[in-house]
Amino acid sequence: EAQVTQNPRYLITVTGKKLTVTCSQNMNHEYMSWYRQDPGLGLRQIYYSMNVEVTDKGDVPEGYKVSRKEKRNFPLILESPSPNQTSLYFCASSLKAGEILNTEAFFGQGTRLTVV
Amino acid sequence: GQQLNQSPQSMFIQEGEDVSMNCTSSSIFNTWLWCKQDPGEGPVLLIALYKAGELTSNGRLTAQFGITRKDSFLNISASIPSDVGIYFCAGVGYKLSFGAGTTVTVRA
């Protein structure tokens with residue numbers, strides 16, 4: 001089954017404790033990206049990756065890191081989480097940035113992060 | 001980042017009504033997407049548009065890629081209660097940018 005898998009789905013952590021949210025896709029997609037969703041602000045892009053070893057900042061990259069060492073995985077790293085990073089996070093993938101062949105397997109299920 | 005203006009922000013609609021929402025941008029996009037997010041769930045991609053002027057349907061949903069490549073609209077015909085949710089537009093240029101969303105609530 002084609003899918004984008006995020007883990008964990010829910011996470012509560014304390015300020016400053018490094019964490020990683022994983023994202024994996026099984027469709028050999030080149031393009032992957034991370035978004036955060038906050039009330040009234042829609043989905044804002046954090047980082048994106050056009051292919052392996054190619055990553056770039058989105059609109060709100062501060063406080064986040066990513067890596068793309070292999071095509072299927074695109075982890076989101078918070079080196080020192082702060083309360084303003086409490087949000088709902090989504091990973092997305094597509095064949096290329098503008099080519100979406102499978103409309104159902106595009107977004108992960110989301111990770112709700114709370115930083116206290 | 002690339003700015004997308006999505007309107008309306010929210011709407012209350014009567015079951016059976018047809019509704020429209022749209023997105024505009026100052027930038028040209030190569031692809032327009034429309035997604036829906038059900039309460040408590042992640043977004044799901046509904047329609048992808050690849051050519052200026054393209055009109056695409058998915059059941060009761062119809063979306064169009066504006067001829068200027070700077071806008072797109074989504075129509076929902078004959079609304080039903082399960083149409084409740086947040087609808088997002090997204091434009092793909094050198095990266096993918098989302099609108100702020102339109103929250104749809106259906107009155108039975």
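Reader: What makes S1-S3-S8-S7 of chain A an open sheet, and in which sense do the strands pair?

Author: This is a predicted model. In it, four strands of chain A line up in the order S1-S3-S8-S7, with antiparallel pairing. The edges are strand S1 (4-7) and strand S7 (65-66) of chain A, and each pairs on one side only.

Reader: How do you know that strand S3 and strand S8 of chain A pair?

Author: Two strands count as paired if at least two bridges are found between them. Strand S3 (residues 19-25) and strand S8 (residues 76-78) of chain A have three bridges, in the antiparallel sense. They therefore pass as a pair. For a landmark, find A:Thr20, which stands opposite A:Ile77 in S8(A).

Reader: Why is the sheet S2-S10-S9-S4-S5-S6 of chain A called open, and what is its pairing?

Author: Six strands form this sheet, and the pairing is mixed. Strand S2 (10-13) and strand S6 (54-57) of chain A are the edge strands, each pairing on one side only. From one strand to the next, the twist averages 20 degrees.

Reader: What makes S2(A) and strand S10 of chain A a pair, and how do they run?

Author: Four bridges join S2(A) to strand S10 (residues 111-115) of chain A. The cut-off is at least two bridges, so the pair qualifies. The two strands run parallel. Within this pair, A:Ile12 has A:Thr114 of S10(A) as its bridge partner.

Reader: Is the peptide bond from A:Asn7 to A:Pro8 cis or trans, and where does A:Pro8 lie?

Author: The bond is cis, with omega near -5 degrees. A:Pro8 sits in the loop between S1 and S2 of chain A. In chain B, the bond from B:Ser7 to B:Pro8 is also cis, with omega near -5 degrees. B:Pro8 is in the loop between strand S1 (4-7) and strand S2 (10-14) of chain B.

Reader: What is the phi of A:Asn28, and where is this residue?

Author: Its phi is positive, about 60 degrees, although A:Asn28 is not a glycine. A:Asn28 belongs to the loop between S3 and S4 of chain A.

Reader: How many residues of chain A and chain B make the contact?

Author: Chain A gives 22 residues and chain B gives 19. To count as contact, heavy atoms must come within 4.5 Å.

Reader: How much area do chain A and chain B bury between them?

Author: About 1700 Å², with 58% of it on carbon and sulfur atoms.

Reader: How many salt bridges and polar contacts link chain A and chain B?

Author: The salt bridge count is zero. A salt bridge would need a Lys or Arg side-chain nitrogen within 4 Å of an Asp or Glu carboxyl oxygen; therefore no pair between chain A and chain B is counted under that rule. One residue pair is in polar contact, with both residues at pLDDT 80 or more.

Reader: Which strands supply the side of chain A that touches chain B?

Author: Strand S4 (31-38), strand S5 (42-51) and strand S9 (87-94) of chain A each supply at least two residues. S5(A) gives the largest share, five residues. By type, that side of chain A has twelve nonpolar, eight polar and two charged residues.

Technical notes:
Residues numbered from 1 in each chain as written. Chains lettered and ligands numbered in written order. Predicted model: local features only at pLDDT ≥ 70, side-chain atom pairs only at ≥ 80, totals over all residues. Heavy atoms only, no water. Buried area = accessible area lost by both parts, 1.4 Å probe. Polar contact = N/O pair within 3.5 Å; in protein donor to acceptor, adjacent residues only side chain to side chain. Nonpolar A, V, L, I, M, F, W, Y, C, P; charged D, E, K, R; others polar. Axes fitted to C-alpha atoms, helices over the stretch in contact; angles between N-to-C directions.
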